[in-house]
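Visitor: I have a model open and would like to go through a few pieces of it. Can we start with the helices?

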Amino acid sequence: MRDPAPTTIYLKDYSPFGYIVDSVHLTFDLAPHATRVTSRIAFRPNPQATDRTFFLHGEELNLIRASIDGTPITPEVTDKGLTANVPDAPFVWEAEVEIDPGNNTALEGLYMSNGMYCTQCEAEGFRKITFYPDRPDVMSTFTVRINGDLPVLLSNGNPTGTGEGWAEWTDPWPKPAYLFALVAGELVAYSDSFTTRSGRHVDLNLWVRPGDEGKCAFGMEALKRSMKWDEDVYGREYDLDVFNIVAVDDFNMGAMENKGLNIFNSSAVLASPETSTDANFERIEAIIAHEYFHNWTGNRITCRDWFQLCLKEGLTVFRDAQFTSDMRSAPVKRIHDVIDLRARQFPEDNGPLSHPVRPESFQEINNFYTATVYEKGAEVIGMLKTLVGDEAYSKALDLYFERHDGQACTIEDWLKVFEDTTGRDLTQFKRWYSQSGTPRVKVQEDWADGTYTLTLSQSTPPTPGQPEKLPQVIPVAVGLLGPNGDEVRGTEVLELTEARQSFTFEGLAARPVASILRGFSAPVILEHDRPNAERAFLLAHDTDPFNRWEAGRTLAQDTLLRMITQDAAPDAEYLDGLLAVLRDADLDPAYRALMLGLPTQSELAAALHEQGETPDPMAIWRAVETLRQATAQHMQDLLPRLHSEALVDGPYSPDADQAGKRALGSAALALTTRLDGGAMAAEVYAKADNMTLQLSALSCLPRAGKGQAELAAFYDQWRHDRLVLDKWFGLQASLAAPDDAPRIARALCEHPDFNWKNPNRFRALMGGLAMNHAGFHHASGASYALLADWLIRLDPVNPQTTARMCTAFQTWKRYDADRQDLIRAQLTRIAETPNLSRDTTEMISRILGA
Ligand SMILES: [Zn+2]
């Protein structure tokens, strides 16, 4: 059923549900097209609620029977749910419904993937399983019986009974329905165990399709490291006797933290050196940690309503970033996170989809699982920690867990524990949750009589629904360097709270060079007009590793922008400074590899747009190519040494040390390819014994006009591995030369292995094309049309993935009038498609600015 006139839901309209749920008993009789779900739910009136309407959500359910306290009733059923007259006293609701998991392609609720039953209930999928108050503030214990002729039958909690063709699970911890999960299939377990610090023995199982057992070891180790880390750093212990993870091929997201039964996109858990890159391993470690950490931040303490999504996501992303920093390199992790924030969150925050970390309204909550809620939400936690200090942060978190365990909470609850712990008034800080848009911080410097004055001004451009902005609390970490490069003032955190504010540093012997926004202490855009000589000085001397990298990044961006707009030559200060950093063998190889990175072409387009220029995607592409070529030539003599430093002794390991070396080797190989026409890359490809080297060599070759034979060989080698084949699709679409991109992408769509109903495959190809900036913005509009064709085709099958992929168009107003016309035509064509889903309708209308 479609929604003819989507309704908007507002944060301000929250009111508690009229009934408390004391217990839920569910029985599943599994059948691919006629699964029966019987529910027995104990309700009682909620004394906190004024509205006693008994409304249960339910969508795409076939109601067979319903009763209250054993008496059959006929409730009023719509396509949204049902209402019934109920007693003003405790009562037992029973209902039986029939559902069709075999035809559920949206992958919400109970669905099938390769013959296996699985569920995805966050945010509002449980209402496609049975009638229920499907809202996060309704928490209850669940007992689940599964009847089915499959060997493995799983649900949340602990196993409490099993027999031929059935299993029973009991979850003693009250939870909202979005954390419900069920899995049934022919699966095999990779098992281990963990003993918590108080001595609880926990069975750990990673359930996979037969044949995938060899890809489980790393994920299992990551899980055990996560469990230990959360005990050591946050004092949080696991609370059930078993922890199950299941790998599923068809999944809309990365993974889901269902209580005691995490369900993972197989790409986010299965790994082996032959089939996974170092980046895949790191991502898997982070996602396993993230979902595990949700057991406390999300499950034990959940969200009152979906507007509070950042309460669990911002905090848990922050926690998994801390974990990765501890497991690997903190500066490298921070740089990766900022690269990602600028690539995904900044375009969102500065375009038509801009919304606050805590949105105030939505039509479809699935559209708000965004970089703003997750990544900016995590940045807000990081700022709070910077402002109150590590010790107060720990105390506040202890209080949060103590005060709110078992509750469904709000951002107000979260901030209150910080206020109560520190005595600090966080009223102004709270604007980070309500104001959308990326603040700009403008820097002005003065020097006189031994006093350095730093004047910072903040402003945030208007965003949809928010024409006027108020000043925010912005922690700006600053250090000062003397003329010889020594640090004359260590890092201090300045608190910028006014629109404009000055900070003085007295008693200095010489004019310092300021290192501002160290560690990227706030998610802002720093506007600092300073001579390139100062940036080069910081690139050589900054003691803050993030800002040292940032100095190189700023120099690179500056030279690229001048190459694009003034036809300038590549800047010598950038090339010399980069060469000096790359020569420094004392620096971590991973860090040096990051130094060789450039701003993305999309970021350059955004920077040009900020300057009032109209970005030309081809001019940007040419400038990047020219700078890459110049860098390769400038580093010609150093490259052999970088290759030898990148060599790894011994067998493959995905650890940070080896991965860093390979990252440096890959970056050097990309430069070498520009000098030797791909000879070395072809050699590396032929000898590669792990996916990191194989893929990095393969991705060099198309640029050298080569690689056809290798692409064909890669396909033959990996055609039976679905996750590797995703890489094959993604690589060709994202690396195609701009003029070839639409044709190559179109041809890949015709490939028999383009199984477009699988979200991973669809994203690999269409996401790859969208990432190919100049290819996607091909002047013919062919890539726009191709993506629109596929969005229209996918929408009735999987609205969630369709809506998410619409973001490829979100930056459309940056470009020239011709391209805007082409994109508007495609957006309009999508919008006018009959029966378009609520998800996609909302996204397109926001992007169009309607
Ligand atoms: Zn999460």
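Visitor: Is the crossing of α10 and α14 left-handed or right-handed?

Guide: The crossing of α10 and α14 is right-handed. Bear in mind that this is a predicted model.

Visitor: What is the angle at which the axes of α10 and α14 cross?

Guide: The axes of α10, residues 545–566, and α14, residues 617–634, cross at roughly 125° and come within 9 Å. Angles over 145 degrees would count as roughly antiparallel and 65 to 115 as roughly perpendicular, so α10 and α14 are oblique to each other.

Visitor: Which residues make the contact?

Guide: From α10, the contact uses Ala556, Thr559, Leu560, Met563 and Ile564. On the α14 side there are Ala619, Ile620, Ala623, Val624, Thr626 and Leu627.

Visitor: How many of the residues in that contact are nonpolar, polar or charged?

Guide: In the contact of α10 with α14, 9 are nonpolar, 2 are polar and no residue is charged.

Visitor: Now the sheet. What is the strand order in the open sheet of 4 strands?

Guide: The order is β29-β26-β25-β31, and the pairing is mixed.

Visitor: Which strands are the edge strands?

Guide: β29 (500–505) and β31 (525–527) are the edge strands, each pairing on one side only. On average, neighbouring strands of this sheet are turned by 25° against each other, direction ignored.

Visitor: In what sense do β25 and β31 pair, parallel or antiparallel?

Guide: Strand β25, residues 440–448, pairs with β31 in the parallel sense, over 3 bridges.

Visitor: And which residue of β31 does Arg440 stand opposite?

Guide: Arg440 stands opposite Ile525 in β31.

Note on methods:
Residues are numbered from 1 along each chain as its sequence is written. This is a predicted model: local features need pLDDT of at least 70, side-chain atom pairs count only at pLDDT 80 or more; totals for chains, interfaces and linings use all residues. Side-chain values use heavy atoms; hydrogens and water are left out. Axes are lines fitted to C-alpha atoms, for helices over the stretch in contact, and angles run from 0 to 180 degrees between N-to-C directions. Helices (H or I, at least four residues) and strands (E, at least two) are DSSP runs, numbered from the N terminus. Angles under 35 degrees count as roughly parallel, over 145 as roughly antiparallel, 65 to 115 as roughly perpendicular and the rest as oblique. A crossing is left-handed if the near helix is turned anticlockwise from the far one by less than a right angle, and right-handed if clockwise. Contact means heavy atoms within 4.5 Å. Ala, Val, Leu, Ile, Met, Phe, Trp, Tyr, Cys and Pro count as nonpolar, Asp, Glu, Lys and Arg as charged, and the others, Gly among them, as polar. Two strands pair if DSSP finds at least two bridges between them.
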